[in-house]
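Hi,

Here is the structure I said I would pass on.

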Amino acid sequence: MDWRGRRTSRNVEDRRGMRMTGGRGLGIGATVAILLIGAFLGVDVTPFLNGTGSVTTAPAPTGPNRIDDDQEAFVATILAETEQAWGEIFTASRLEYREPSLVLFSGGTTSACGMADAAMGPFYCPGDRKVYLDMDFFRVMEQQLQAGGDFANAYVIAHEIGHHVQNELGTLGEVNTRRQRVGQAESNALSVRIELQADCYAGVWAHAASGRLRVTDDDIRQALATAARIGDDALQRAAGGRVVPDSFTHGTSDQRQRWFFQGYRSGDPNQCDTFGAGRL
């Protein structure tokens with residue numbers, strides 16, 4: 001993937017190095033197993049929608065964002081590519097795509113969904129329409145899962161933007177409402193369908209951006225390998241426990257690979273209807 005020298009997004013909010021000023025966090029000392037199984041690539045934010053807690057930070061930066069380093073340049077470039085891809089897709093359907101913001105932070109910060117902590121992993125908050133990302137998570141991906149690389153990291157971002165697309169289309173709010181009315185097993189099953197759809201949307205983005213970013217077959221294999229390592233079944237085995245399908249919230253390795261590739265192969269978000277699919 002060739003991302004350097006391309007347009008960068010104006011919608012990156014850099015809060016790295018900003019000091020926490022009170023309240024209580026979620027515990028940065030959480031184990032890697034909890035980090036990866038509980039939050040990887042699409043944290044369930046419904047427990048935070050009530051806004052509990054009183055953590056505050058220094059004021060968010062205002063004005064145009066300045067690209068300060070290579071990491072931020074990468075994130076801003078991938079975000080710009082998602083803006084172009086989804087903007088064109090929405091326009092073709094006579095819809096308006098409202099661009100999300102992406103917040104870079106280190107350690108912890110606040111969001112409209114509550115505390116954003118490094119131990120949560122990347123996540124999308126529908127309350128403020130922002131993606132939250134601690135760049136150190138990419139190091140965890142590489143060291144703990146052997147799932148690093150530029151395209152693997154782009155897949156992380158594109159997956160979270162997939163949740164924003166769901167929010168824009170009304171899917172995310174509808175499903176979260178349904179989850180609050182059912183038991184745990186059915187709620188988990190709905191979560192799996194949300195996450196697999198976000199994987200498929202990440203594939204749709206990869207299809208749309210493949211020419212501009214010169215995406216190669218090796219890049220796609222990198223994304224598929226990452227998807228395989230972050231399946232609920234793979235993560236539960238890696239954590240030394242038994243595989244419990246009723247506890248799955250993101251889908252199996254096979255499911256995550258198949259839905260990402262379906263989006264990539266088709267380039268059509270209409271092929272990402274995980275809710276209408278009889279078999280995931």
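The axes of α4 and α7 (217-229) come within 8 Å and cross at roughly 60°. For the terms: axes are lines fitted to C-alpha atoms, for helices over the stretch in contact, and angles run from 0 to 180 degrees between N-to-C directions. Helices (H or I, at least four residues) and strands (E, at least two) are DSSP runs, numbered from the N terminus. The pair α4 and α7 is therefore oblique; angles under 35 degrees count as roughly parallel, over 145 as roughly antiparallel, 65 to 115 as roughly perpendicular, and the rest as oblique. On the α4 side, D150, F151, A152 and Y155 meet D219, I220, Q222, A223, T226 and A227 of α7, where contact means heavy atoms within 4.5 Å. By class, that contact has six nonpolar, two polar and two charged residues. Ala, Val, Leu, Ile, Met, Phe, Trp, Tyr, Cys and Pro count as nonpolar, Asp, Glu, Lys and Arg as charged, and the others, Gly among them, as polar.

Before you read on, this is a predicted model: local features need pLDDT of at least 70, side-chain atom pairs count only at pLDDT 80 or more, and totals for chains, interfaces and linings use all residues. Residues are numbered from 1 along each chain as its sequence is written, and side-chain values use heavy atoms, with hydrogens and water left out.

Now for α6. Helix α4 (residues 150-169) packs on helix α6 (residues 184-213) at about 115°, with the axes 7 Å apart. That makes the two roughly perpendicular, and the crossing of α4 and α6 is right-handed. Among the residues making this contact are F151, Y155, H159 and L169 of α4, and I194, D199, Y201 and W205 of α6. The contact of α4 with α6 divides into 12 nonpolar, five polar and two charged residues.

α5 also packs on α6, at an angle of about 165° with axes 9 Å apart, so α5 and α6 are roughly antiparallel. Here the crossing is left-handed. T171, L172, V175, R178 and R179 of α5 touch S187, L190, S191, I194 and Q197 of α6. That gives four nonpolar, four polar and two charged residues.

Which residues of α5 (residues 171-179) are buried? They are T171, L172, V175, N176 and R179, with buried meaning under 20% relative accessible area, exposed over 50% and partly exposed in between (1.4 Å probe, protein chains only). Down the axis of α5 they fall within an arc of 120°, so they line one face of the helix; the arc is that of the directions from the helix axis to the C-beta atoms. Their cover includes β5 (123-125), α4 and α6.

- Q255 sits in helix α9 (residues 253-266) and is buried, at 16% relative accessible area. Leaving aside neighbours within four places in sequence, Q255 contacts V192, L196 and L280.
- R94, in the loop between α2 (70-92) and β2 (101-105), has a positive phi of about 60° although it is not a glycine. R94 is exposed, at 82%.
- R214, in the loop between α6 and α7, has a positive phi of about 55°, again without being a glycine. R214 is exposed, at 58%.

Cheers

Definitions and conventions:
A crossing is left-handed if the near helix is turned anticlockwise from the far one by less than a right angle, and right-handed if clockwise.
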